[in-house]
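This report describes the packing of one protein chain. It covers the nonpolar cores, the aromatic pairs and one of the pockets.

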Amino acid sequence: MSRIEGHLIDAFLEMMSAERGAAANTIAAYRRDLVDYASTLARKGVALTKASRQEVVGFLEGLKAEGLSASSSARKLSAIRQFHKFLCADGIRPDDPTRIVASPKAQRALPKVLSVGEIARLLTTAEAEANDESAPGALRLYVLLELLYATGMRVSELVSLKRAAVMRDASFLTIRGKGNKERIVPVTDRARDAIRAWLATLEPGIFLFPAKGEDGYLSRQVFARDLKDLAGRAGIASARVTPHVLRHAFASHLLAGGADLRVVQTLLGHADISTTQIYTHVLDEKLRSLVETHHPLADD
């Protein structure tokens with residue numbers, strides 16, 4: 001990869017950060033994908049600004065031959081598409097070689113979830129430990145768990161919450177999600193009471209879950225570790241419990257309870273309804289149950 005191509009990638013990433021509010025993790029992933037793409041082309045003597053559709057397809061075929069999953073290949077293609085659109089928009093090249101390149105397809109796995117009973121065991125265990133003043137960090141973990149299951153927010157959104165996000169006597173939260181977009185979500189009475197108790201213990205500061213690290217707030221890794229430890233104490237296999245699994249549980253349990261898919265989309269912060277539709281298996285089961293229960297010929 002030439003120095004000029006490196007500058008082009010840097011310029012694209014600066015645009016993604018400044019104009020589209022892409023997160024640091026997204027920028028880092030895009031950089032890895034584009035450097036990999038540019039290096040592969042360079043080995044064939046092809047410049048980024050001269051890549052054709054055939055080179056893009058060849059790059060994807062090489063990823064498949066290496067055993068990379070369809071979802072990972074699709075993510076790389078997404079970065080490449082946006083980069084080439086950037087080149088076109090800035091007049092660096094007149095055409096977009098990715099315009100008619102099909103995205104690798106993979107069957108979407110159903111999200112792993114915990115049952116309502118298992119969530120209740122987690123919460124009960126966490127609450128009991130939070131009431132035990134001798135257990136350090138127990139109240140924080142309980143509040144994190146209540147908020148995660150009450151709102152379904154992403155773990156990165158949860159740990160970085162600012163105290164100013166707590167609205168209307170802790171009945172609502174303002175969540176800043178992907179693309180720096182904000183959404184307001186209600187919280188349950190249990191979560192509201194937990195927030196109030198937690199706020200009463202905090203020294204003045206910016207973040208709801210402050211920590212001494214560089215970011216100033218609790219890391220995702222620490223929360224995930226504490227959550228797995230809690231699962232073990234609640235009698236649930238720790239391998240089954242992650243913050244993302246609780247986000248899935250929130251969405252699945254809401255839909256099973258009769259919530260509208262569009263409402264769940266808004267609460268999760270999904271820009272596209274197609275992302276939320278991974279949970280339609282829950283609706284399928286609910287509709288089948290309704291038909292079997294209420295259809296006049298269901299018993300025949």
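In this predicted model, Leu122 touches Leu114, Leu145, Leu230, Ala231, Ala234, Ile236, Val241 and Leu246, leaving aside residues up to four places away in sequence. Leu122 is also one of the residues with the most contacts inside the largest nonpolar core, alongside Leu147, Leu158, Leu173, Phe209 and Phe223. That core has 52 residues. At least two of its residues come from each of α5 (116-130), α6 (138-151), α7 (155-159), β2 (172-176), α8 (189-199), α9 (220-233), α10 (243-256) and α11 (261-268). The most are given by α6, with 8 residues. Another core lies apart from the largest one and has 27 residues, including Met15, Ala22, Phe59 and Phe83. In soluble globular proteins, nonpolar side chains tend to be buried together.

**Aromatic pairs**

The structure holds 6 aromatic pairs. One of them joins Phe12 and Tyr30: the ring centres are 6.2 Å apart and the planes lie at 20°, under the 30 degrees that count as stacked, so this pair is stacked. Because Phe12 sits in helix α1 (residues 3-20) and Tyr30 in helix α2 (residues 24-43), the pair ties together parts that are 18 residues apart in sequence. Phe12 and Tyr30 are both buried. Through ring pairs, Phe12, Tyr30, Phe83 and Phe86 are linked into a cluster. Phe83 is also among the residues of the 27-residue core.

**The second largest pocket**

The second largest pocket holds about 230 Å³ of space. It is lined by 13 residues, and the closest to its centre are Leu60, Glu61, Lys64, Ala102 and Pro104. Both α3 (53-65) and α4 (70-89) supply at least two residues of this lining, and α3 gives the most, with 5 residues. The make-up of the lining is as follows.

| Class of lining residue | Number |
|---|---|
| Nonpolar | 7 residues |
| Polar | 3 residues |

**The whole protein**

How many helices and strands does the protein have? There are 13 helices and 3 strands. The C-alpha trace spans about 65 × 65 × 35 Å along its principal axes. Of the 300 residues, 41% count as buried. Among contacts with a separation of 6 or more, 60% are between residues 24 or more positions apart.

Conventions:
Residues numbered from 1 in each chain as written. Predicted model: local features only at pLDDT ≥ 70, side-chain atom pairs only at ≥ 80, totals over all residues. Heavy atoms only, no water. Core = buried A, V, L, I, M, F, W, Y, C linked by side-chain atoms within 4.5 Å. Buried < 20%, exposed > 50% of the residue type's maximum accessible area, 1.4 Å probe, protein only. Helix = DSSP H or I, 4+ residues; strand = E, 2+ residues; numbered from the N terminus. Contact = heavy atoms within 4.5 Å. Phe/Tyr/Trp six-rings, centres within 6.5 Å; stacked < 30°, edge-to-face > 60°. 1 Å grid on protein atoms, 1.4 Å probe; cavity = no way out; pocket = protein on both sides within 12 Å on 5 of 7 lines; lining within 4 Å. Points joined across faces, edges and corners; volume = space filled by probe spheres on them. Nonpolar A, V, L, I, M, F, W, Y, C, P; charged D, E, K, R; others polar.
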